[in-house]
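Colleague: Could you take me through this model? I would like to begin with one residue and then move on to other parts.

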Amino acid sequence: MKRRPRRSFPAVLVALVVLAGCVLAAAVAVQTIIGEKPWISYDAVASALHATRWSDPLPAIAGGGVALIGLLLLVSAVVPGRPTVLPLEGGTDSGASRRSYRSTLRTAASTVDGVSAAKLKVKRRGIVSVVTTGRTNTAGLADTVRAAIEHRLSQIGPAAVPAVRVRVKATRSAS
């Protein structure tokens with residue numbers, strides 16, 4: 001199971017633009033029906049469009065802009081996002097949310113002796129952990145944290161075992 005995120009931002013953006021156009025058209029139609037001067041005059045828009053030639057730069061720029069926006073919306077809809085549910089070994093419906101996966105592995109890293117804080121990122125190709133320690137001698141701490149994370153990964157049982165990278169930050173210097 002690899003559930004992907006919804007494409008809500010492009011959908012909301014398109015919906016708001018369409019809604020604004022519909023509201024504007026409805027407001028102009030109501031103003032015309034009740035006999036008031038409309039915000040946008042049909043005659044002014046029609047005469048400006050009739051005066052514009054295809055060889056002018058304005059239609060080319062406007063068409064290019066609309067085509068670019070359409071292409072960006074199409075790409076944002078087609079390109080898959082980061083999975084929100086990471087697949088686990090076992091059945092096809094077994095999975096773990098990215099948040100719970102990250103917090104479980106961060107807990108495993110922070111329980112290692114000598115680690116005062118742990119930050120963990122689950123990326124596409126692996127797991128990156130940055131641990132902070134108060135020790136002056138950090139030799140072997142990165143290997144111990146990596147072993148703790150890999151042990152927890154073996155308990156979780158992901159479908160594809162990611163590579164684990166650990167970086168140690170010492171708050172005290174060895175001088």
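**A conversation about the model**

Modeller: Setting aside neighbours within four places in sequence, Thr133 is in contact with Gly114, Ser116, Thr138, Leu141, Val168, Lys169, Ala170 and Thr171. Please keep in mind that this is a predicted model.

Colleague: Where is Thr133 placed?

Modeller: Thr133 is in strand E4, which covers residues 126-133.

Colleague: And is Thr133 buried or exposed?

Modeller: Thr133 counts as buried, because its relative accessibility is 0% and the cut-off for buried is under 20%.

Colleague: Let us turn to helix packing. At what angle do H4 and H5 pack?

Modeller: Helix H4 (residues 98-110) and helix H5 (residues 141-156) pack at an angle of about 140°, and their axes are 8 Å apart. H4 is therefore oblique to H5. The crossing of H4 past H5 is right-handed.

Colleague: Which residues make the contact?

Modeller: On H4, the contact is made by Tyr101, Thr104, Leu105, Ala108 and Ala109. On H5, Val145, Ala148, Ile149, Arg152, Leu153 and Ile156 take part.

Colleague: What about Thr107, where is that found?

Modeller: Thr107 is found in helix H4. With a relative accessibility of 45%, Thr107 counts as partly exposed.

Colleague: What does UniProt place at residues 68-169?

Modeller: The unreviewed UniProt entry places the feature "domain: DUF6286" there. In the model, this span is 39% helix and 28% strand, and the C-alpha atoms at its ends lie 45 Å apart.

Colleague: Where does UniProt put the feature "transmembrane region"?

Modeller: The unreviewed entry puts that feature at residues 58-79. Over residues 58-79 the chain is 95% helix and 0% strand, with 31 Å between the end C-alpha atoms.

Colleague: Which helix holds Pro59?

Modeller: Pro59 is found in helix H3, residues 57-78. Pro59 is partly exposed, since its relative accessible area is 23%.

Colleague: What is Pro59 in contact with, leaving aside neighbours within four places in sequence?

Modeller: On that basis, Pro59 is in contact with Thr52, Arg53 and Trp54. As for Val14, Pro59 is 45 residues from it in sequence and 22 Å from it in space, C-alpha to C-alpha.

Colleague: Moving past H3, where does Thr84 lie?

Modeller: Thr84 lies in the loop between H3 and strand E1, the latter being residues 85-87. Thr84 is partly exposed, with a relative accessible area of 29%. The C-alpha atoms of Thr84 and Ser97 are separated by 5.9 Å, although the residues are 13 apart along the chain.

Colleague: Which residue caps the N-terminal end of H2?

Modeller: Ser41 caps that end. A side-chain oxygen of Ser41 lies 3.4 Å from the backbone nitrogen of Asp43.

Colleague: What does Gln31 touch, not counting residues up to four places away in sequence?

Modeller: Gln31 touches Glu36, Lys37, Pro38 and Trp39. A polar atom of the Gln31 side chain lies 2.9 Å from the backbone nitrogen of Trp39.

How values were computed
Residues numbered from 1 in each chain as written. Predicted model: local features only at pLDDT ≥ 70, side-chain atom pairs only at ≥ 80, totals over all residues. Heavy atoms only, no water. UniProt positions renumbered as here; feature names shortened; annotations may be inferred. Helix = DSSP H or I, 4+ residues; strand = E, 2+ residues; numbered from the N terminus. Polar contact = N/O pair within 3.5 Å; in protein donor to acceptor, adjacent residues only side chain to side chain. Axes fitted to C-alpha atoms, helices over the stretch in contact; angles between N-to-C directions. Parallel < 35°, antiparallel > 145°, perpendicular 65-115°, else oblique. Left-handed = near helix turned anticlockwise from the far one by under 90°. Contact = heavy atoms within 4.5 Å. Buried < 20%, exposed > 50% of the residue type's maximum accessible area, 1.4 Å probe, protein only.
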